[in-house]
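Me: Hi, could you walk me through this one? I'm new here and would like a quick tour.
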Amino acid sequence: MTDLHAPAVRHFASDNYAGVHPEVLAAVAAANVGHVPAYGDDPWTERLQDVVRAQLGEQAVAYPVVNGTGANVVALQAMLPRWGAVVCTESAHVHTDENGAPERVGGLKLLTVPTPDGRLTPELVARQAWGFGDVHRAQPGVVSLTQSTELGTVYTPEAVRELCDQAHALGMRVHVDGARLSNAAASLGLPLRALTTDCGVDVLSLGGTKNGLLLAEAVVVLDPSAVDGVEYLRKAGMQLASKMRFVSAQLVALYEQDLWRRSAHHANAMAARLRAGIDAIGTLQVTQPTEANAVFVRLPADVAQALRRRWRFYDWDVADGTVRLMCAFDTTEQDVDDLLAALRSAVGGTGPARTTPV
Ligand SMILES: Cc1ncc(COP(=O)(O)O)c(C=O)c1O
């Protein structure tokens with residue numbers, strides 16, 4: 001059995017299995033000088049404000065936090081009254097993977113819609129954006145979309161703009177869970193603001209950890225009129241880091257220059273390589289377009305088991321055998337080629353489509 005903790009092993013489970021980018025560690029080390037005021041009143045957090053303004057527009061204000069669930073909960077709470085509700089997909093991280101934190105901690109109702117590819121559309125939003133003024137219904141106040149989506153797909157700027165226009169016309173606001181916004185922007189060759197500020201997005205959970213940071217994300221308010229009390233909610237929500245300079249230093253390292261794009265572009269390219277290799281095998285069904293850094297593929301149970309001797313990856317749908325293979329900033333071509341070789345060998349060459357039940 002391979003030692004799953006061997007330092008040279010790089011898995012395909014999640015981009016948060018990866019280590020920390022050396023440039024980020026260097027930035028943390030560089031911030032480790034002397035005493036500075038705690039709780040964000042420090043030069044690194046001040047510099048981060050310049051960085052987000054440069055990336056996301058003059059109105060942008062960043063509130064660094066320590067994880068993505070916290071970013072989403074603080075953002076959504078700040079955008080909604082106690083009687084508010086969030087329209088999102090059934091596959092949204094806020095719905096599936098946050099242990100109900102938006103409901104439990106935020107006190108918010110989630111109104112979900114099924115989506116085949118992780119993307120919301122105005123038609124899907126309309127299924128839940130109704131009942132305004134009806135005292136019996138939690139009031140839909142925010143549309144939350146994930147970019148890139150939980151299914152590895154990407155919204156175009158036009159699609160985001162359409163959702164923002166619809167939401168605003170209904171008196172709602174738009175939140176983007178941007179845990180992998182960098183992957184979407186790199187995939188489309190666009191600046192971050194082209195998928196957010198310029199489309200009318202109100203509040204962004206800006207990712208970091210998935211793209212080579214140690215422990216850093218941020219709530220970024222793009223329209224100040226969309227929120228109330230972010231700083232208080234961040235503290236009450238236990239997301240106010242006292243040694244914030246080290247959180248901010250990571251975000252500055254990622255977003256000040258082009259590290260975010262380099263790293264995301266690389267992760268996307270590795271996923272594209274993996275996808276091409278899987279397609280070339282010819283007998284496996286890929287279930288989603290590969291537009292960012294994840295590949296979703298149905299594997300016969302024995303094939304998945306064979307791969308699991310060396311690598312970790314997540315079951316996405318146990319019933320139909322779909323797994324998620326995710327690439328990170330440090331995934332190498334060799335890693336991908338090794339996985340493909342093992343896959344080819346487990347599948348048994350390029351014969352006719354397998355009929356083994358999964
Ligand atoms: C789409 C999305 N949003 C947010 C998060 C943040 O989660 P965490 O609280 O683990 O940092 C994740 C992590 O898996 C994610 O995939």
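Me: Let's start with helix 1 and helix 10: which residues meet there?
Reply: From helix 1 it's Glu23, Val24, Ala27 and Val28, and they meet Phe246, Ala249, Gln250, Val252, Ala253 and Leu254 of helix 10. Contact here means that C-beta atoms, placed from the backbone, lie within 7 Å. Helices are DSSP runs (H or I, at least four residues), strands are E runs of at least two, and both are numbered from the N terminus. By class, that contact has eight nonpolar, one polar and one charged residues. Ala, Val, Leu, Ile, Met, Phe, Trp, Tyr, Cys and Pro count as nonpolar, Asp, Glu, Lys and Arg as charged, and the others, Gly among them, as polar.
Me: Before we go on, what kind of model is this, and how are residues numbered?
Reply: This is a predicted model, where local features need pLDDT of at least 70, side-chain atom pairs count only at pLDDT 80 or more, and totals for chains, interfaces and linings use all residues. Residues are numbered from 1 along each chain as its sequence is written.
Me: Okay, at what angle do helix 8 and helix 11 cross?
Reply: Roughly 80 degrees, with the axes of helix 8 (residues 181–188) and helix 11 (residues 259–281) coming within 8 Å. Axes are lines fitted to C-alpha atoms, for helices over the stretch in contact, and angles run from 0 to 180 degrees between N-to-C directions. So helix 8 and helix 11 are roughly perpendicular; under 35 degrees counts as roughly parallel, over 145 as roughly antiparallel, 65 to 115 as roughly perpendicular and the rest as oblique.
Me: Which residues make that contact?
Reply: Ser182, Asn183, Ala186 and Ser187 of helix 8, with Trp260, Arg261, Ala264, His265, Ala267 and Asn268 of helix 11. They divide into four nonpolar, five polar and one charged.
Me: Switching topic: what surrounds the ligand?
Reply: Asn67, Gly68, Thr69, His93, Thr146, Glu150, Asp177, Ala179 and Thr209 (C-beta atom, placed from the backbone, within 6 Å). By class, that shell has one nonpolar, six polar and two charged residues.
Me: Where's the cis peptide bond?
Reply: From Gln147 to Ser148, with omega near -10 degrees. Ser148 lies in the loop between strand 4 (139–146) and helix 7 (157–169).
Me: And what about phi at Tyr39?
Reply: Tyr39 has a positive phi of about 60 degrees, although it isn't a glycine. You'll find Tyr39 in the loop between helix 1 and helix 2 (43–56). Most residues other than glycine have a negative phi, and most peptide bonds are trans.

Technical notes. Two residues are in contact if their C-beta atoms, placed from the backbone, lie within 7 Å.
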